[in-house]
Structures are given as structure tokens and as C-alpha cells.
Amino acid sequence: MKIIRTLYDMTEFSVRQRDRNASVGFVPTMGALHEGHLSLVKRAVEENEVTVVSVFVNPIQFNNQEDFKKYPRTEEEDFKLLAAAGVDAVFAPTADEMYPEEEKACKEYFLGKASEVMEGKYRPGHFQGVARVLDILFRLVNPHRAYFGEKDFQQIAVVRNLVKSEGINVEIVACPIKRASDGLALSSRNSRLTEEQRSVAPEIYQTLKYSVEYSRDHSVQATHDTVVEHLDSIPGMSVEYFDIVDARTLAPIEEWDESDWIVGCITVYVGDVRLIDNIAYRIPN
Ligand code: AMP
């Protein structure tokens, strides 16, 4: 596996793959890799002749500097996992390499209404930072397909808007959420949970699952409230938002018959660790 640190070397690698007509799959990550990331990598390796993974903790998508500083970094271990998974190249630049001085005055991306709700509302600037890094990465890696996890459900909708508005020719592939055996969605941030916090964190998914049953004979509002009330009643847990939305537009819905594809997206603080998850209430046939 090739370890690439500079923009120049990344471009050179990509041009070579295109020259020899190899299909390229790309998995952007912030490292501290777990089985969730690796499920995306596995799929990319299966579906493409060449797989590139980026490992870059993107400073400009963090609206909270403390969160950025505390974000886990396990580069050596990540590289071992990626090599074992059959990855051809890992791109792990420094922040200075990615954002040279003149690049800092960056443009505003058009990301549509999907970027204004939920994460967009609670993390100002987050999606502009995600868009900026992906715009650079897509142009360097020039992949045929890019793989994203449905754990970050909203991110996928925003990325689809980004590639459309920027005219980037890449197929966006959405991959299902990987969970621990107790239901907790795998996340790099889980490593920051204390033992006690880790033992209550699965309540997030258990509550979401229960709410799907509950929703069969209750309104959208009642379903929303039962989730929030239950999770807020657990010591150390605090719901930041829980939005039940149309999965295509991410606009909030009021009635279950408003859409054939409905998801509930949640963000919960467990202590000072911010965890996100989501669940489907309706899935199109
Ligand atoms: P991150 O390193 O958190 O930026 O995540 C990199 C990619 O891995 C994103 O597309 C995430 O949605 C995806 N991902 C993270 N956790 C999971 C998970 N538990 N299951 C599936 N995909 C995931």
C-alpha cells in the first residue's frame, strides 16, 4: 500500500490510474478506523480495480475546537488495517498541505436546503468545511465511485448536492450503518466514552428501534416526544435534536403519509461526547 502525503503525489497517482483505465473507488475518512469504515473500504475494494482511502482530520469542518483537539488519532494502526483490507493507496496529508495560505479564503458552496437543517443548524460552517475538503479530495483522487456511510445520513444528501452543483463526475455510494452487538452505531468518538457512558450509549439505538413500533399507532409529534423524553431522562444524556424528516429533502414531516421514505435523525450528548444515529420509519418499496 502506497502512503501519499502531498497533493502532487496524489495527483500523479490518480493520473496514472486513469491513464491505464483502472476504475477507482474512494473512501474519505478522518481516521481512528473501525468496522464501520472498513465496511466501506471492503465494498470499494470489491467494486473497483483501485481503492484510495484518505485519512485526514479536517480542521475546517469542526465548529468546536475542543472537539477537534480531542478527536482520536491512530494513524499507524489505521494504515495497518487499510493495508490488510487490500487498499492500494492511503492519502494522509497535513492541514498545511491541504490548505495552503491562499486557499483559506474559500468560496461558499451551494449545498441546498438539506444542508440548513439538523447538523447544518447546530454546527454552523460544518457542511461548508465538509464540502471544501471533499471538493479538493474529489479533484485530486478523481474517483469513479465514492463511498459514504448512512450513519451520517444528512452528509450523503449534502454530498449529492455538492457533486451536482460543482459538476463533479463521481458516483456516490451509500453504505449501511455498522453497529456494535448491543446496537450502538460504531463511531471513532465511542473511544472517548467512559465505561459507564459506554454502557448507557446503546439506549440511543434501542430507543430509536422501539420508536418504530410506537410510531405505528402514534403521531409524528408523539413519536418524536417519546424518544426525546426517554433519552433526556437518562443521567448524563442530553438530546441536541431529533428530527423526523423526508429522507430525500431532509425537510421535517408532520404526518406519516407525507412521504414514502422517512428517517429520524438524532444527535445525543453522552457527557461531552457527541453521538449521532438515525433510523428509518418508512422505506420505499
Ligand atoms: P468519519 O471518519 O467519521 O468522517 O467517517 C468516514 C466515513 O465512514 C463516513 O462516510 C461515515 O459515514 C462512515 N462511517 C462512520 N461510522 C460508520 C458506521 N458505524 N457504519 C457505516 N459507516 C460509517
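**View 1. Helix α2 gives the shell around the ligand its largest share, 3 residues.** In this predicted model, local features need pLDDT of at least 70, side-chain atom pairs count only at pLDDT 80 or more, and totals for chains, interfaces and linings use all residues. Residues are numbered from 1 along each chain as its sequence is written, and side-chain values use heavy atoms, leaving out hydrogens and water. Along with α2 (35-47), β2 (24-29) and β5 (145-149) each supply at least two residues of the shell; helices (H or I, at least four residues) and strands (E, at least two) are DSSP runs, numbered from the N terminus.

View 2. Let's start with M30: one of its backbone N or O atoms lies 2.9 Å from a ligand oxygen. For H37, a polar side-chain atom lies 2.9 Å from an oxygen atom of the ligand. A polar backbone atom of G149 is likewise 2.9 Å from a ligand oxygen. Taken alone, the ligand exposes 490 Å², and the protein buries 92% of that (Shrake-Rupley method, 1.4 Å probe).

View 3. You can find N21 in the loop between α1 (7-19) and β2.

View 4. Look for L250 in the loop between β7 (237-246) and β8 (262-270). L250 counts as buried (under 20%) because its relative accessibility is 0%.

Note on methods. A polar contact is a pair of N or O atoms within 3.5 Å; within protein, one must be able to donate a hydrogen and the other to accept it, and residues adjacent in sequence count only if both atoms are side-chain atoms. Buried means under 20% relative accessible area, exposed over 50%, partly exposed in between (1.4 Å probe, protein chains only).
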